Every structure is written in C-alpha cells, then in structure tokens.
Amino acid sequence: MTRDGMDLAGRARGEIRPRVAVSSCLMGEPVRFNGGHSRDRFLNGELDPYVDWVRVCPEMELGLGTPRETLRLERSPEGPRLVTRKSGVDLTAGMASLAARRARTLDVDGYVFKSRSPSCGVHGIPVYAGDAAVDRRGVGVFAARIIAAHPLLPVEDEGRLNDALLRETFVERIFAHARLRALLESDWRARDLVAFHSRHKMQMLAHDPAAYHEAGRVVARAGARPREELAADYARAFGTAFARKASIGRNVNVLQHCMGMMSDSLDAARRADLAEVIASYRAGQVALSVPTTLLRHHARGEGAGYVRDQTYFSPYPAQLRLRNHVPV
C-alpha cells in the first residue's frame with residue numbers, strides 16, 4: 001500500500017476512474033442549436049460506469065441559449081472566425097476567451113468533443129468564404145484552443161470513436177493518464193515513481209520506445225530533483241509515449257519480450273503455443289486479446305510477478321472488451 005492508502009496493483013487493474021471532459025450534448029443534454037441532443041451510445045453505455053464526466057457546452061456558457069442560430073467557420077486573414085450563419089455576428093473573441101478560461105482550470109484525463117461542430121469539432125470542419133466551403137480541414141474555435149493549451153491531452157470526437165482501433169487507443173490513454181494523475185496527487189516518493197514506471201514498461205514500449213527511455217532517464221534522477229520538476233518532466237515524457245499509437249510490430253516485440261522473460265519456466269509445448277499465437281496476431285488472424293490473455297495466464301501460473309503486474313495486460317477494465325478486434 002502507498003501512504004495514501006491506495007493499492008497500486010489495483011490501479012493497474014483499471015480501478016482508477018478517469019475524469020473526462022465531454023460535450024454536454026453527447027451525454028443527452030438538450031443543448032444543441034435546435035434544442036435537441038446527440039446522445040452517444042458508447043459514452044453513455046459501455047464507458048459510463050468507469051469514468052467521471054465533466055460536461056461542457058461552450059455555446060451555452062457563452063450565453064447563446066437554445067434553440068439558437070446555427071454557427072459556421074468563415075475564412076479571414078487572421079484565421080477562421082466563428083460567426084452566426086444568418087446574422088453574421090462574430091463570436092470568435094468571446095469563444096476564444098471562454099476557451100482560455102476553461103483551459104487554465106481544465107484538470108481531466110481526456111476530452112470527447114462533438115464532431116462536425118464549428119465550436120467543438122476537432123477534424124474536418126468546413127471553412128466558408130461566402131456561400132462556398134473553401135477548406136474542409138478546419139478545427140472548432142473552442143476545441144482548437146483547448147488542444148493548443150493541452151497538446152498531450154487525449155482528445156477525440158464521438159464520430160471517430162466508432163472506429164475500433166481509435167476507440168481502444170483513446171480509452172487506453174485516458175486510463176493511463178488517470179493512473180499517473182492518481183499517483184502524482186498522492187503523497188508519492190521517488191520509489192513510487194520508479195515502481196509506476198516499471199509497471200508501465202511494456203505498455204509504453206508498445207507505443208513509443210524512445211519516449212519510454214526518456215521517461216526512464218527522468219526516473220533515474222528521481223532522488224536528486226525537486227518533486228514538482230520531476231513530476232512535470234515525467235508527465236511530459238509519459239504523455240508523449242501514449243500520444244503515439246501502439247503498432248502491431250511494437251506489440252509483437254512486447255509479447256515476445258514477455259514470453260522470453262518466462263521461457264525458462266515454460267515447457268517446449270507452451271512456448272510453441274505462445275509463439276504460434278503471437279505469429280497469428282502478427283498476421284492479422286487473431287485479436288490482441290488472444291496472445292495477451294494466454295501470456296497473462298502463464299504468468300499467473302508460473303508466478304512471473306513482473307510480467308503479470310504489467311499494465312500492458314490490463315490497461316483498462318476488461319469489461320470494455322476493446323482488444324477483441326482483429327488488426328488490419
């Protein structure tokens with residue numbers, strides 16, 4: 001147990017609850033321009049029992065009310081402007097100021113924005129000149145400023161979360177961020193950070209080996225630096241690692257490394273079974289859940305505590321079943 005009474009192995013099992021900011025309309029609140037909502041089934045269904053939501057609607061906070069006139073992005077020399085579609089009222093300054101205030105106090109592990117919104121969309125928002133869309137690569141005015149202020153924050157929109165790989169990646173990131181936040185909010189010491197880094201080794205290697213090694217260099221100086229500097233530098237390296245998507249190749253390297261750590265305690269038949277399953281994953285024939293489940297089973301059976309306790313094998317609650325898709 002740590003001094004704050006929280007079991008770190010429990011954290012690795014996904015018992016920490018991420019705090020996730022979310023566009024209010026996605027949670028069923030009637031705040032859209034037409035008085036309706038865009039309730040998302042995944043956010044309100046599978047994910048809801050495991051996270052704490054921080055609901056945000058910048059249009060309502062700006063005092064626009066609902067129903068309201070629709071908005072759009074318009075081209076200007078200074079960058080896209082947020083304007084009302086019919087009356088042409090420029091809301092850019094007010095929305096930018098609101099975003100700056102929100103960004104200063106934002107303490108969350110991720111953010112899910114409303115797709116296709118000129119305020120909150122993070123991908124592919126049309127930018128208009130007159131009646132014609134001249135660019136479809138815009139970002140919502142509010143979202144752009146939140147992202148700029150928190151560049152390592154896990155961010156997605158609900159549309160992209162329909163993709164199995166993007167959904168898995170986002171959920172993995174918010175739980176990783178939440179575990180680190182829980183550690184840094186506790187009465188931690190250098191040895192706690194060393195243990196945290198050790199438990200996350202395989203998970204970080206699957207994402208970004210270079211960032212893992214950079215984080216390791218920070219940890220190596222843990223006993224000789226002020227806590228605030230150490231925490232900030234480690235959080236930066238940790239977030240950088242998870243900002244890069246895990247790949248099939250890096251997952252295979254991690255799986256093989258874990259198998260190698262247990263090879264002396266496995267007989268030839270079990271080693272052959274593991275190698276075959278890992279090869280099947282590499283070939284796109286089985287989901288990642290197949291080799292990870294088998295490896296974890298053998299780690300429990302052989303008492304390979306270091307492998308068993310790696311967050312790589314339980315990056316989020318198993319009930320979410322996010323590793324069950326076959327890679328393409």
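**Strand pairing and a helix pair**

In this predicted model, Tyr 128 has Ala 133 of β7 as its bridge partner. That pair is a handy way into the sheet. The two strands behind it, β6 and β7 (the latter covering residues 132-138), run antiparallel and are joined over four bridges. They make up a hairpin with two residues between the strands, where Gly 130 takes a positive phi near 70°.

Now for the other pairing of β6. Strand β6 spans residues 125-129 and pairs with β3, residues 71-74, in the parallel sense, this time over two bridges. Here Leu 73 finds its bridge partner in Val 127 of β6. In general terms, strands of a sheet pair through backbone hydrogen bonds, and they can do so either parallel or antiparallel.

Put together, the strands give an open, four-stranded sheet that reads β4-β3-β6-β7, with mixed pairing. The edges are held by β4 (81-84) and β7; each has a single partner strand, so one side of each is left without a neighbour in the sheet. With direction ignored, neighbouring strands of this sheet are turned by 45° against each other on average.

As for handedness, α9 and α10 cross in the left-handed sense.

Which residues of α9 and α10 meet? On the α9 side they are Ala 211, Glu 214, Ala 215, Val 218 and Val 219, and on the α10 side Leu 230, Asp 233, Tyr 234, Ala 237, Thr 240 and Ala 241. Sorted by class, this contact of α9 with α10 comes to eight nonpolar residues, two charged and one polar.

Finally, a word on confidence. The chain averages a pLDDT of 93, and 95% of the residues score at least 70. Residues 1-14 are another matter: pLDDT stays under 50 over this stretch. Even so, the model has 29 contacts for residues 1-14 beyond four places in sequence.

Conventions
Residues numbered from 1 in each chain as written. Predicted model: local features only at pLDDT ≥ 70, side-chain atom pairs only at ≥ 80, totals over all residues. Heavy atoms only, no water. Left-handed = near helix turned anticlockwise from the far one by under 90°. Contact = heavy atoms within 4.5 Å. Nonpolar A, V, L, I, M, F, W, Y, C, P; charged D, E, K, R; others polar. pLDDT = per-residue confidence, 0-100. Pairing = 2+ DSSP bridges. Axes fitted to C-alpha atoms, helices over the stretch in contact; angles between N-to-C directions.
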